[in-house]
Structures are given as C-alpha cells and as structure tokens.
Amino acid sequence: MATAYGSDGMNRPTCKTCPFWDKIGKISFDLDEGRCRRNPPFLAMTLGTTDGMGDENSGEWPFTKESDWCGEHPEMSKWGQERNKNSQSVAPHLGVRARKFLFRMFADGKATCGEIISSPETAKKLAQIPITEWMKIKHCGLTTVSELRRWLKYHGLEAVE
Ligand code: SF4
C-alpha cells in the first residue's frame with residue numbers, strides 16, 4: 001500500500017498505511033477509524049456494569065483515525081532521514097553580525113559580501129582559524145560564534161576551539 005500522509009503539512013506516514021492498524025470504518029466525523037495493535041491491549045475499566053457485579057476490567061486497543069500518526073509506524077525512521085537530508089540542504093541563517101564578520105575577515109577588495117559568504121572556500125578558510133581568534137574581531141560575540149559553527153557544520157567542517 002502506498003504511504004498516506006498526515007494533514008499537518010509534515011507528510012508523515014500515518015495510521016492509514018501502518019501494518020499495525022486495524023481499520024474499522026467510519027465511526028464519527030468523516031474519517032475512517034481503527035484500532036492500533038502495535039502493543040498488547042491495555043486494561044480498561046468499565047464502570048457500572050449491568051450484571052450488578054461492580055466494575056469490570058477488559059482489554060482494549062487504542063482507537064486512532066486514519067490521519068493519526070506515531071513514531072512506531074515502520075516508515076517513520078525513513079521519513080526522519082529524508083527530513084534531515086532536506087533540512088541539511090538549506091544553509092543555516094547567518095545574521096548581520098556574522099555576515100559582517102566574514103566580510104571583515106575575508107574581503108579581498110574584489111569579491112562582494114554576498115560572494116564571500118556563499119563561497120565554500122570562505123568556510124574552509126574560517127575552519128582553519130581558531131575561535132579564540134574570531135572573538136578578537138569586532139562584534140564577534142557568542143551568537144555569531146554559534147551561527148558560524150552551524151554554518152561550518154553545514155559545509156561538513158568543524159570549528160577549531
Ligand atoms: S498509532 Fe502508530 S503504531 Fe499504531 S497504527 Fe498508528 S502509526 Fe501505527
């Protein structure tokens with residue numbers, strides 16, 4: 001069965017395509033409902049039974065809707081990996097101070113600020129300079145350092161302490 005997706009815009013695999021989902025049909029609203037059989041039934045207490053014997057314990061599986069989801073769906077780890085891959089393909093945001101910092105450090109009189117920041121060569125050069133040296137440059141505070149660390153990571157590089 002093809003993977004169905006949730007309605008929250010996250011495109012997660014949902015109960016609808018989960019092998020643990022036992023579809024019942026439409027019980028309320030418009031969506032199909034079913035039982036999640038990922039785990040053994042839990043004990044549910046029914047109050048006021050008609051046989052006059054008091055409370056009764058019985059096994060129940062949780063009801064879920066076809067658009068529900070949880071981390072136990074077998075395709076969730078694949079979904080997580082895809083999501084991480086996609087989020088890593090977008091360069092982390094660099095604030096104004098971090099951008100100015102990179103320009104001050106690597107301006108050569110020819111390249112524009114945008115060219116310097118978007119060049120992987122800039123990241124390689126920065127990764128060779130210890131953070132203690134970065135901090136000597138005007139306006140390079142802790143926020144800038146943490147942005148630049150993430151930016152280096154995006155380029156597959158580590159900052160030198
Ligand atoms: S709650 Fe989780 S394990 Fe259960 S049917 Fe839904 S996705 Fe599958």
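This is a predicted model: local features need pLDDT of at least 70, side-chain atom pairs count only at pLDDT 80 or more; totals for chains, interfaces and linings use all residues.
Local features here need pLDDT of at least 70 and side-chain atom pairs count only at pLDDT 80 or more, while totals for chains, interfaces and linings use all residues. Residues are numbered from 1 along each chain as its sequence is written.

Let's start with the sheet. Three strands, in the order β1-β2-β5, form an open antiparallel sheet; strands are DSSP E runs of at least two residues, numbered from the N terminus, and two of them pair if DSSP finds at least two bridges between them. β1 (21-26) and β5 (63-65) are the edge strands, each pairing on one side only. Between β1 and β2 (residues 32-36) there are five bridges, and Gly-25 stands opposite Glu-33 in β2.

Now, which residues make up the largest nonpolar core? There are nine: Ala-98, Phe-101, Leu-102, Ile-116, Ala-123, Leu-126, Cys-140, Leu-148 and Trp-151. By nonpolar core I mean buried Ala, Val, Leu, Ile, Met, Phe, Trp, Tyr and Cys residues joined through C-beta atoms within 7 Å, buried being 20 or more other C-beta atoms within 10 Å of a residue's own, with C-beta atoms placed from the backbone. α2 gives the most, three.

Finally, the ligand. Residues around the ligand include Cys-15, Cys-18, Cys-36, Cys-70 and His-73, near meaning a backbone-placed C-beta atom within 6 Å.

Thanks, happy to chat!

Terms used
A residue is buried if 20 or more other C-beta atoms lie within 10 Å of its own, exposed if 12 or fewer, and partly exposed in between; C-beta atoms are placed from the backbone. Helices (H or I, at least four residues) and strands (E, at least two) are DSSP runs, numbered from the N terminus.
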